[in-house]
Amino acid sequence: MSSSHPHDLAPDTVVVAAGRPAREPDAPVNPPIVLSSTFVGTGTPGQGERTYGRFSNPTWDPLEEALAQLESSPLPGLVFASGMAAVAAAMSLLPQNGTIVIPRHSYNGSLSLVADLQSRIGIQVRLADIADTEATLALLDGADMLWLESPTNPMLEVADVAALAAGARAASVLCVVDNTFSTPLLQRPLELGADVVVHSATKYMGGHSDVVLGAILTGDAELRDKLHAYRSLHGAIAGPFETWLTLRGLRTMALRVERAQANAGELARRLDAHPAVEAVRYPGLATDPGHARAAAQMEGFGSILCITVAGGEVAAEAVLAALRLWTPATSLGGVESLAERRRRHPGEPESVPEHLIRLSAGIENVEDLWNDLRAALESTR
């Protein structure tokens, strides 16, 4: 149905070219939205027939194909109703009483789900300082799953994904990477040895804060079958319109990520010199003590940065209240710039400072973003 393209295309070309309809006379350049809950068929479900909308939908196919090309997967991806649905599906691969190694600083929803699984089915949890490769590898003995974020949410620690994936494989531990922050444009974990990649497509892929969607990629057919079965049995399916919107958003992801990352890097450098800022966390920022091991590997990475504000929690809340262009809101990866004090969430780890503000740089003019931040910071002094 969809056209295929050579796998040697650059990722910023793949986001535009992949998942298009076949080139035929009078064919549309964009795939249609198929709004149907059931499909004509008399054969065996799963053997070339769609049968029912909980198992398959033609609208999913172009996005799943495009994501596979982006993440260098030989198998189509799987779209889910949300990023959390994708996280839950990936964690369903843990056996009962299994052991997961997960960064102590991870997405709040992932940590909350791990805690729920621990109380309900008895999984064991080992929290890791993911930037310490050797210490993390030491936790893999007897484990069943290594869950990675790089950079982590919200502390932005950077993992050596290739080394950790290799260690997991040697220890027969399943390696899952939540690649939401990096996107396939900046990091492709399957190429680095991971078994499964998870995305909240709500963020950079959709890119406009108007859709909720998740995705999983794997190059292992058996794992994919298990994940597909989980999606079908648990009803964690994506709506056709949300899927179509995400594919449309994907077309401009390279431009948005490039601009947002440039903005984040410039803001990190300026904020690092501001007297109202205690510290800046941004992967690759040489003055960030929390990333001394990572700084040599990259020169500015991603469009998320964090600051701790002099004056503590009260000052941090005052900064957020004084912003006029930045929106005080959760989430990230949209065209607009967002700011949030992460410890306002009850489940956030206590090791995250109370006065830490996570900034998701958008695509606005960097001078406007800086002027708004600077004015907000100076209003608290």
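Reader: How do I describe the way helices α10 and α12 pass each other, and at what angle do their axes cross?

Author: Look at how far apart the two axes are and at the angle between them. In this predicted model, the axes of α10 and α12 (residues 366-378) come within 10 Å and cross at roughly 35°. The crossing is right-handed.

Reader: Which residues make the contact between α10 and α12?

Author: From α10 come N263, E266, L267, R270 and L271, and from α12 come V366, E367, L369, W370, L373 and L377. By type, this contact has seven nonpolar residues, one polar and three charged. There is a general idea to keep in mind here: an α-helix has 3.6 residues a turn, so residues three or four places apart point the same way.

Reader: Which residues of α10 are buried?

Author: They are M253, A254, R256, V257, A260, N263, A264, G265, L267, A268 and L271. Among them, N263, L267 and L271 also take part in the contact with α12.

Reader: What span is expected for α10, and what does the model give?

Author: At 1.5 Å a residue, 28 Å is expected for the 20 residues of α10 (253-272), and the distance from first to last C-alpha is close to that, at 28 Å.

Reader: What is found at the start of α8, and what comes just after it?

Author: At the start, a side-chain oxygen of D220 reaches to within 2.9 Å of the backbone nitrogen of E222. Just after the helix, G235 has a positive phi of about 65°.

Reader: Which residues of α8 are buried, and what covers them?

Author: L223, R224, L227, Y230, R231 and S232 are buried. Their cover includes helices α2 (60-70) and α3 (83-91), along with strands β1 (78-80), β5 (174-178), β6 (196-200) and β7 (214-218).

Reader: What should I look for in backbone angles?

Author: Then look for departures. S172, in the loop between α6 and β5, has a positive phi near 60°. Another case is S331, with a positive phi of about 80°, in the loop between β10 (327-328) and β11 (338-341).

Reader: Are S172 and S331 buried, partly exposed or exposed, and what decides that?

Author: The relative accessibility decides. S172 counts as exposed because its value, 65%, is over the 50% cut-off. S331, at 25%, counts as partly exposed.

Reader: Where are the cis peptide bonds from S150 to P151 and between N153 and P154?

Author: P151 lies in the loop between β4 and α6, and P154 has its place in that loop too. Omega is near 0° for the bond from S150 to P151 and about 5° for the one joining N153 and P154.

Reader: Can a loop residue be buried, and what does L140 show?

Author: L140 lies in the loop between α5 (133-138) and β4 (145-149), yet it counts as buried because its relative accessible area is 3%, under the 20% cut-off. Leaving out residues up to four places away in sequence, L140 touches V101, R126, L146, L164, G167, A168, A171 and V173. Q187 is another case, in the loop between α7 (183-186) and β6; Q187 is buried at 11%.

Notes: Residues numbered from 1 in each chain as written. Predicted model: local features only at pLDDT ≥ 70, side-chain atom pairs only at ≥ 80, totals over all residues. Heavy atoms only, no water. Helix = DSSP H or I, 4+ residues; strand = E, 2+ residues; numbered from the N terminus. Buried < 20%, exposed > 50% of the residue type's maximum accessible area, 1.4 Å probe, protein only. Contact = heavy atoms within 4.5 Å. Expected span 1.5 Å × (residues − 1). Axes fitted to C-alpha atoms, helices over the stretch in contact; angles between N-to-C directions. Left-handed = near helix turned anticlockwise from the far one by under 90°. Nonpolar A, V, L, I, M, F, W, Y, C, P; charged D, E, K, R; others polar. Polar contact = N/O pair within 3.5 Å; in protein donor to acceptor, adjacent residues only side chain to side chain.
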